[in-house]
Amino acid sequence: MTHEIAVIPGDGIGQEVTPAAIEVLESFPIDFEFVEAEAGDAVLAETGEALPQETYDLAASADATLFGAVGETAADVILPLRTAVDSFVNIRPAKAYPGVDAVRPETDLVFLRENTEGVYSGLEDRLTQDVSTLTRVVTESASKRLAEFACDYVAGDEHDGFSIVHKANVMRETDGLFRDTVRDVAEEQGVETNEVLMDAFATRVCLDPEQFDVVVCPNLAGDVLSDLAAGLVGGLGLLPSANIGPERAVFEPVHGTAPDIAGEGIANPAAMILSTAMLLEYLGYEAESAAVDDAVEATLEEGPRTADLGGDASTDDVTEAIIDRL
Ligand code: ATP
Ligand code: MG
């Protein structure tokens, strides 16, 4: 079976780490068909469009999309790409690696963030000079879809259920609906859950991240708290993410275009390569996915390392070392 993969390197170091990811995928005897497409600041300057229709259409029809990074045009590219695959959940692991400086080296979390609504539904108004408003939308259907995904995600022996992070004591209707829906689905499926208020979660995860494993949360809370967790594990440079829809998905590193180092061939490819591990798992290649995770982990620990981790290796050196370990 051929898997069509849309490849959107974008701008800055996206152009450098995306080829590294493709090399990793090509090292497996899996039938991938890579189709490259443009998006971002450079194509905006050239054509007047940050996300050309053909790129959108490609992401909407490919089995999966690998996305590097885009600069100023991020909101104009990433949000429509998530829509193209109808992504209802953003998976963001935040895991500390041996050999990488971390505030909390014991951190090993996965955020499952609602990806379509909440305060990011775009319903903002300026009513008067003095007053602006925002409508927060939470639906039972989106909460249910997320909860069902979360239940599948924790199935098996690796996880003991998940934590529901919310603020239903204040936002009684919206987070109340979110909390009740997620809890009911989990109960029906026999999945264990616990509840944590989002403010308390922020403190508790800093003090003792080991008490959490899989964290299910509304859109804004997931955005903020997963960045907080990124800080605990040593910054954004190493973190992958996946935007999952019912039939396709977009995989991207959490970092941006890193304009300060772009073009020098020294970007750390780890986040992008870990995103390919998520892609492999999504397509059902679990052993291959685990092998990529292990190879990245070993390389982070034993080297070679790029400058962000105190080394002097190039993107290519690190990519080679990871492929050698596969
Ligand atoms: P953008 O607007 O595209 O997000 P930015 O200036 O915010 O750009 P980021 O890409 O978010 O930059 O990165 C923040 C910092 O982390 C920069 O100093 C960057 O060099 C560093 N960084 C991010 N990703 C990597 C990477 N893969 N390898 C090495 N350093 C990185
Ligand atoms: Mg940034």
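In what order do the 10 strands of the open sheet stand? The order is β2-β1-β3-β12-β11-β4-β5-β10-β8-β9, with mixed pairing. Here strands (E, at least two residues) and helices (H or I, at least four) are DSSP runs numbered from the N terminus. Two strands pair if DSSP finds at least two bridges between them.

This is a predicted model, in which local features need pLDDT of at least 70, side-chain atom pairs count only at pLDDT 80 or more, and totals for chains, interfaces and linings use all residues. Residues are numbered from 1 along each chain as its sequence is written, chains are lettered from A and ligands numbered from 1 in the order written, and side-chain values use heavy atoms, without hydrogens and water.

**The sheet and its helices**

β2 (32–36) and β9 (193–197) are the edge strands of the sheet. Each has a single partner strand, so one side of each lacks a neighbour in the sheet. On average, neighbouring strands of this sheet are turned by 25° against each other, direction ignored. Axes are lines fitted to C-alpha atoms, for helices over the stretch in contact, and angles run from 0 to 180 degrees between N-to-C directions.

Helix α6 (residues 174–188) packs on the sheet and touches β8 (162–166), β9 and β10 (214–217). Its direction makes about 165° with that of β8. Contact means heavy atoms within 4.5 Å. Helix α7 (residues 198–207) lies across β5 (108–114), β8, β9 and β10. α7 runs at about 95° to β9.

Gly-176 sits in helix α6. Gly-176 is buried, at a relative accessible area of 5%. Buried means under 20% relative accessible area, exposed over 50%, and partly exposed in between (1.4 Å probe, protein chains only). Leaving aside neighbours within four places in sequence, Gly-176 contacts Ala-168 and Met-171.

β12 (residues 249–253) is mostly covered, with five of its five residues buried. Ala-249, Phe-251 and Pro-253 point one way from β12; Val-250 and Glu-252 point the other way. β12 runs parallel to β3 (residues 64–69), joined by two bridges. Leu-66 has Phe-251 as its bridge partner in β12.

β11 and β12 run antiparallel, joined by five bridges. They form a hairpin with four residues between them. Ala-242 stands opposite Phe-251.

β4 (residues 89–95) pairs with β11 (residues 240–244) in the antiparallel sense over three bridges. Which residue of β11 is the bridge partner of Asn-90? It is Asn-243. Asn-90 is found in β4 and is buried, with a relative accessible area of 2%.

**Ligand 1**

The residues around ligand 1 include Ile-13, Val-70, His-255, Gly-256 and Asp-308. A residue counts as near if one of its heavy atoms lies within 4 Å.

| Residue | Atom of the residue | Atom of ligand 1 | Distance |
|---|---|---|---|
| Thr-257 | side-chain N or O | oxygen | 2.7 Å |
| Asp-260 | polar side-chain atom | oxygen | 2.8 Å |
| Asn-268 | backbone N or O | nitrogen | 2.8 Å |

Taken alone, ligand 1 exposes 600 Å², and the protein buries 64% of that. Accessible areas come from the Shrake-Rupley method with a 1.4 Å probe; for residues, only the protein chains shown count as cover.

Conventions
Polar contact = N/O pair within 3.5 Å; in protein donor to acceptor, adjacent residues only side chain to side chain.
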